[in-house]
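Me: I've got a model open and I'd like to talk through its rings, its strands and its surface. Can you take my questions one at a time?

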Amino acid sequence: AKFVVIAHDVDPIELVVWLPALCRKKQVPYAIVKGKARLGQVVGKKTAAVVAFTTVNKEDQAEFGKLVEVVKTNYLDRYDELRRKWGGGNVGIKSRAKMLKREKAIAAEDISKV
């Protein structure tokens, strides 16, 4: 495929949850759009979970290239930047006290070994 479009409201989600990882692995640009009804309009059906573009007409090649380039620059190239990060390294008072106590114990062991 040259470009994959995935609907965000697919039920059950297991049908499409693996597609972004596969697209990244195969280096195929993909986009997640709002509503499977919108994708259905593209293919002439009521709904569609995924649309994969495999061939593009020569007269539409320039517009398709622009679309793929916009998706790549605004989303795919910034994947690591946009990915959710958990935790910030901020710990509470009790955890800090535990870590300090542990560091002191390790330092004391190092001194007693020498």
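This is a predicted model: local features need pLDDT of at least 70, side-chain atom pairs count only at pLDDT 80 or more; totals for chains, interfaces and linings use all residues.

Me: Let's start with the rings: how are the planes of Phe3 and Phe53 arranged, stacked or edge-to-face?

Reply: A search of the whole structure turns up four aromatic pairs. For Phe3 and Phe53, the ring centres sit 6.1 Å apart and the planes make an angle of 25°. Planes under 30 degrees apart count as stacked. So the label for this pair is stacked.

Me: Which residues make up the cluster linked by ring pairs?

Reply: Phe3 in strand β1 pairs with Phe64 in helix α3 (residues 61-76), 61 residues apart. Phe3 and Phe64 are both buried, whereas Phe53 is partly exposed at 28% relative accessibility. Ring pairs join them into one cluster: Phe3, Phe53 and Phe64.

Me: On to the sheet: what is the order of its strands?

Reply: The sheet is open and has three strands, with mixed pairing. β2 (30-33) and β3 are the edge strands, each pairing on one side only. From one strand to the next, the twist averages 15°. The order reads β2-β1-β3.

Me: Do β1 and β3 run parallel or antiparallel?

Reply: Four bridges join β1 to β3. Val5 stands opposite Val51 in β3. The direction of β1 relative to β3 is antiparallel.

Me: Now the surface: is Val17 buried or exposed?

Reply: Val17 sits in the loop between β1 (3-7) and α1 (19-26). Together with Ile13, Trp18 and Leu22, Val17 forms a nonpolar surface patch of about 380 Å² accessible area. The relative accessible area of Val17 is 55%, and the cut-off is over 50%. So Val17 is exposed.

Me: Last one: how far apart in space are Leu100 and Tyr75?

Reply: Leu100 is in helix α5 (residues 93-113) and is partly exposed at 45% relative accessibility. Leu100 and Tyr75 are 25 residues apart in sequence. Going C-alpha to C-alpha, the distance in space is 41 Å.

Methods
Residues are numbered from 1 along each chain as its sequence is written. Side-chain values use heavy atoms; hydrogens and water are left out. Patches are made of residues with over 30% relative accessible area and no salt bridge: like charges are joined within 9 Å, nonpolar side chains (Val, Leu, Ile, Met, Phe, Trp, Tyr) within 5 Å. Accessible areas come from the Shrake-Rupley method with a 1.4 Å probe; for residues, only the protein chains shown count as cover. A salt bridge is a side-chain nitrogen of Lys or Arg within 4 Å of a carboxyl oxygen of Asp or Glu. Helices (H or I, at least four residues) and strands (E, at least two) are DSSP runs, numbered from the N terminus. Buried means under 20% relative accessible area, exposed over 50%, partly exposed in between (1.4 Å probe, protein chains only). Rings of Phe, Tyr and Trp (its six-membered ring) pair if their centres lie within 6.5 Å; planes under 30 degrees apart count as stacked, over 60 as edge-to-face and the rest as tilted. Two strands pair if DSSP finds at least two bridges between them. Axes are lines fitted to C-alpha atoms, for helices over the stretch in contact, and angles run from 0 to 180 degrees between N-to-C directions.
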